[in-house]
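The following exercises are to be worked through with the sequence and the structure at hand. Each task is followed by a solution in steps.

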Amino acid sequence: MDKIFDIPLFDMILSLSHVINIIDNTSTTHQEQVAYISYRLAEELNFSEKQRKNMVLAAAIHDIGAFSYKDRAEILEFDIREKPKHAEIGYLLIKEFAPLANIAPIIRYHHSKWNYGHGLFYSGNPVPIESHILSLADRIAILIDGEFDILNQRTNIIEKIKEHSGVRFNPTFVEAFLNLAKREEFWLRSVRPNIIKRMLMSEFNTIKIRLNLDGLLNFSKLFSKIIDFRSSFTVTHSKGVAVTAQKIAELMGWLEDDYRRMKIAGYFHDLGKLAMPKEILEKPAKLTEEEMNIIRTHTFYTYEILDPIKPLEEIKEWAAYHHERVDGRGYPFHRQGDRLPTGSKIMGVADVFSAITETRPYRSAMSQDRALDVLTSMVESGALDSEIVTVVNDNYRELNFIRNKAQGEVITEYSNTL
């Protein structure tokens with residue numbers, strides 16, 4: 001019987017929101033802040049419980065399609081162009097994940113202008129009314145400056161929103177905002193992350209999403225696209241590691257459920273690279289010591305992003321410990337020996353194998369002889385597990401074929417998405 005994972009919806013959304021915020025350290029609570037303001041607007045407008053929940057879910061991950069610092073900079077400008085690219089990318093990502101597919105249209109149109117009621121449609125397609133609430137909440141949040149006292153900002157924010165009533169924003173929603181804006185508590189809560197988190201938890205903490213392994217695999221693929229699609233330099237890496245790790249585990253005699261979970265961990269393993277500047281990730285030359293110290297943080301962030309989702313505890317360890325070494329000199333936790341799970345050791349080998357056998361824009365893939373020399377030397381230096389590298393050595397052609405085929409499929413998907 002297929003293993004079932006009961007994932008708390010709040011934990012899932014919190015992790016996705018964390019992923020989005022981590023791309024830009026200048027706005028680390030934007031998704032949650034927009035979710036809070038959207039929730040209060042929906043309450044003020046007497047939306048149904050189902051509408052409120054969908055509204056808050058969409059708001060909490062509305063910028064999921066913004067992959068780069070450039071995308072984020074555009075989002076943080078009040079006068080953003082209508083329907084920027086990240087909204088369409090976010091829609092394409094979310095609609096493929098069944099448990100959240102119903103909120104994908106809200107995300108798709110969250111920058112649509114009201115245009116005196118003409119904004120109910122965009123290019124002939126209906127625009128969810130929730131998209132227009134999200135549009136208003138998003139722009140209110142953009143106008144809030146965390147460096148200054150919130151109550152001394154509200155007059156300017158109110159006037160800015162009123163200027164755009166009818167043209168950019170639905171006047172009925174603006175009126176709801178003006179009613180909220182009279183209450184100091186609305187403003188004070190909007191800038192308190194702990195209060196926002198508590199509100200979101202109370203709304204969603206009892207809801208669980210039941211995922212079998214296929215559903216969990218689709219969830220992990222969603223994360224991997226957010227990671228890899230940031231750059232043509234990394235677009236294929238997570239899938240290469242995922243299929244390689246799964247096959248190694250299978251060749252080592254793991255049970256089917258276990259080696260399928262290994263594939264899921266492979267999709268998750270580089271989540272923390274969202275916190276890395278693209279300039280470092282794409283640098284063709286050797287990294288400086290300072291740059292290496294930045295890179296060494298990415299597995300810690302992978303661990304922290306997955307940590308709230310408790311049913312994924314083992315998968316989290318397999319994913320986040322992939323730069324630990326057998327001799328304990330890896331990073332960032334310095335696990336070794338029996339304290340380093342076999343799944344993590346497999347992930348470490350799969351990560352190196354994929355990295356040196358795939359072609360990057362700035363270098364060609366290594367030959368089989370050269371790649372095996374590298375893996376063998378890493379065994380001798382205490383970095384990789386000898387038994388696992390032996391499996392790779394004995395099955396090199398099969399593993400390389402699987403990796404190469406899987407990464408070719410990703411390139412097609414990347415082209416269709418972006």
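A residue counts as buried under 20% relative accessible area, as exposed over 50%, and as partly exposed in between, with a 1.4 Å probe and protein chains only. The model is predicted, so that local features need pLDDT of at least 70 and side-chain atom pairs count only at pLDDT 80 or more, while totals for chains, interfaces and linings use all residues. Residues are numbered from 1 along each chain as its sequence is written, and side-chain values use heavy atoms, with hydrogens and water left out.

**Exercise 1.** Classify Lys197 as buried, partly exposed or exposed, and state which residues it touches.

Solution. Step 1: locate Lys197 in helix 11 (residues 193-204); helices are DSSP runs of H or I with at least four residues, numbered from the N terminus. Step 2: Lys197 is partly exposed because its relative accessibility is 40%. Step 3: taking contact as heavy atoms within 4.5 Å, and not counting residues up to four places away in sequence, Lys197 touches Phe10 and Leu14. Step 4: for Tyr116, 81 residues apart from Lys197 along the chain, the C-alpha separation is 35 Å.

**Exercise 2.** Determine whether Ser131 is buried or exposed, and list its contacts beyond four places in sequence.

Solution. Step 1: Ser131 belongs to helix 7 (residues 129-143). Step 2: its relative accessibility is 0%, and therefore Ser131 counts as buried. Step 3: Ser131 touches Pro105, Ile106, Tyr109 and His110, not counting residues up to four places away in sequence.

**Exercise 3.** Describe how helix 3 and helix 7 pack.

Solution. Step 1: two packed helices are described by the angle between their axes and the distance between the axes. Step 2: axes are lines fitted to C-alpha atoms over the stretch in contact, with angles from 0 to 180 degrees between N-to-C directions. Step 3: helix 3 (residues 49-60) meets helix 7 at about 50°, with the axes 10 Å apart. Step 4: angles under 35 degrees are roughly parallel, over 145 roughly antiparallel, 65 to 115 roughly perpendicular and the rest oblique; the two helices are therefore oblique to each other. Step 5: the contact involves Gln51, Met55, Ala58 and Ala59 of helix 3 with Glu130, Ile133 and Leu134 of helix 7.
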